[in-house]
Amino acid sequence: MSVDAAALQREIDELAEISSHPAPAVTRVLFSDEDLQARAWLKEKFEAAGLAMREDAVGNIFARWTGTEPDLPAVATGSHTDAIPHAGKYDGVVGVLGGLEAVRALQRESFQPRRSLEIIMFTAEEPTRFGLGCLGSRLLAGTLDLEEVSKLRDPEGRSLEDLRAKAKCRGELESVRLAAGHFHAFVELHIEQGPILEREGLDIGVVEKIAAPAAFRVCIAGEGGHAGAVLMPGRRDAGLAASEIALAVENAALHSGSPDTVGTTGVFHIEPGAINSVPARAMIEIDLRDTNLATRNQAEAAIRDAVADIAARRKVDAAIEVINSDPPAICAPEIVETASAAAAARGWSVSRMVSRAYHDSLFMASICPTAMIFIPCRGGWSHRPDEFSSVEAIEKGVRVLADSLRSLAA
Ligand code: GLV
Ligand code: MN
Ligand code: MN
């Protein structure tokens, strides 16, 4: 099989240039001008490979290589091309462009798929605009309440409807949902975003389980005032309450009883945001994950107790909103086996693993048998500009993906 790793690397580099922050950072937020430009660029690549395209009402793009039995449920691969602020160029992109290269490699060897093969570019895997990750795959899997979706607002107050109009997405959101059985299988290629493969000198990871993510927003209302004039006793500082809650999140994750619980307060806004004004309001967003739902729930309960205590002690109002609370996904053993066997057949070292990051696969797993192929990335770094996977590692991932797609579509 001829994988053109050099061409794939050139495409990864080219796509990275479409960014709202300068290189080496990559930023492509859902339906920003850069995201729209990247989508147009990608569609040209799909077209050049002779793939038939469909775009659904939320902008998920499906590029199909029609099989000899086109009525059979297709085999799909893919990932996302949106990028959080100051990200790198590999997260998601390796799965989309690597998926395309896997298909092109199979075309070059004159393989005739029996089942159609589809590459999916999922809309907004990253939560940057609306605070909710995997928007496209959640809608595909039908796990979102459309009433709730209509209430989503970005920091500028724009709704998904406004942005869908900007992006010229046609159709009703109801139509995005796919029936269970629509796809025969889904396999996503991704950089590990963790240190294990590199540290242990392994070529390939095959994901058996994806950790359960949850996210919360806490809005705090205290009382503002002049930083010089309001004396310390009796202050109702919303910023300090938010800071204490962030520390409580760390504490809850550290003491959940599971080493796999992780808690992060990555969004922190205070108002009015002036050096000489006591913060009157605060908004923080908390990301909480675990491979085990019971210990994650335990950490959530500890955070809720801490929020109540801190709010009472500091005499502020604190309202907690659940942004999402998802169970873990268990990958399909038969696809895990297919991908592991593909790696082993090429003589590469392979390990079964857990994905601590979430992916569109988390939701695809609820509508079809799903697994993921991981490749090493330097230092395990991701969501930062120096994210890096070598072209050799990417090539191996693409070969394992292509071999897996070949056997799933045959
Ligand atoms: C995906 O980007 C995640 O935050 O796990
Ligand atoms: Mn990401
Ligand atoms: Mn990703």
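**Ligand contacts and backbone features**

Modeller: In this predicted model, a backbone N or O atom of Tyr358 lies 2.8 Å from an oxygen atom of ligand 1.

Biologist: How far from an oxygen atom of ligand 1 does a polar side-chain atom of Arg289 lie?

Modeller: A pair of N or O atoms counts as a polar contact within 3.5 Å. Arg289 takes part through a polar side-chain atom, and the distance to an oxygen atom of ligand 1 is 2.7 Å.

Biologist: What share of the accessible area of ligand 1 does the protein cover?

Modeller: On its own, ligand 1 has 190 Å² of accessible area.

Biologist: What is the phi of His383, and is His383 buried, partly exposed or exposed?

Modeller: A polar side-chain atom of His383 lies 3.2 Å from an oxygen atom of ligand 1. His383 is in the loop between strand E17 (370–375) and helix H12 (391–409). Although His383 is not a glycine, its phi is positive, at about 55°. Its relative accessible area is 38%, and because values between 20% and 50% fall in the middle class, His383 is partly exposed.

Biologist: Where is Lys168 found, and is Lys168 buried or exposed?

Modeller: Lys168 is found in the loop between helix H6 (160–166) and strand E7 (183–191). Lys168 is a residue other than glycine with a positive phi, near 60°. Its relative accessibility is 61%, and because the cut-off is over 50%, Lys168 counts as exposed.

Biologist: Is the peptide bond from Ala23 to Pro24 cis or trans?

Modeller: Pro24 has its place in the loop between helix H1 (5–16) and strand E1 (26–28). The bond that joins Ala23 to Pro24 has an omega near 5° and is cis.

Biologist: Which loop holds Pro272, and what is the omega of the peptide bond from Glu271 to Pro272?

Modeller: The loop that holds Pro272 runs between strand E11 (262–271) and strand E12 (277–278). The peptide bond from Glu271 to Pro272 is cis, and its omega is near 5°.

Notes:
Residues numbered from 1 in each chain as written. Chains lettered and ligands numbered in written order. Predicted model: local features only at pLDDT ≥ 70, side-chain atom pairs only at ≥ 80, totals over all residues. Heavy atoms only, no water. Helix = DSSP H or I, 4+ residues; strand = E, 2+ residues; numbered from the N terminus. Buried < 20%, exposed > 50% of the residue type's maximum accessible area, 1.4 Å probe, protein only. Polar contact = N/O pair within 3.5 Å; in protein donor to acceptor, adjacent residues only side chain to side chain. Areas by Shrake-Rupley, 256 points an atom, 1.4 Å probe, with all protein chains shown as cover.
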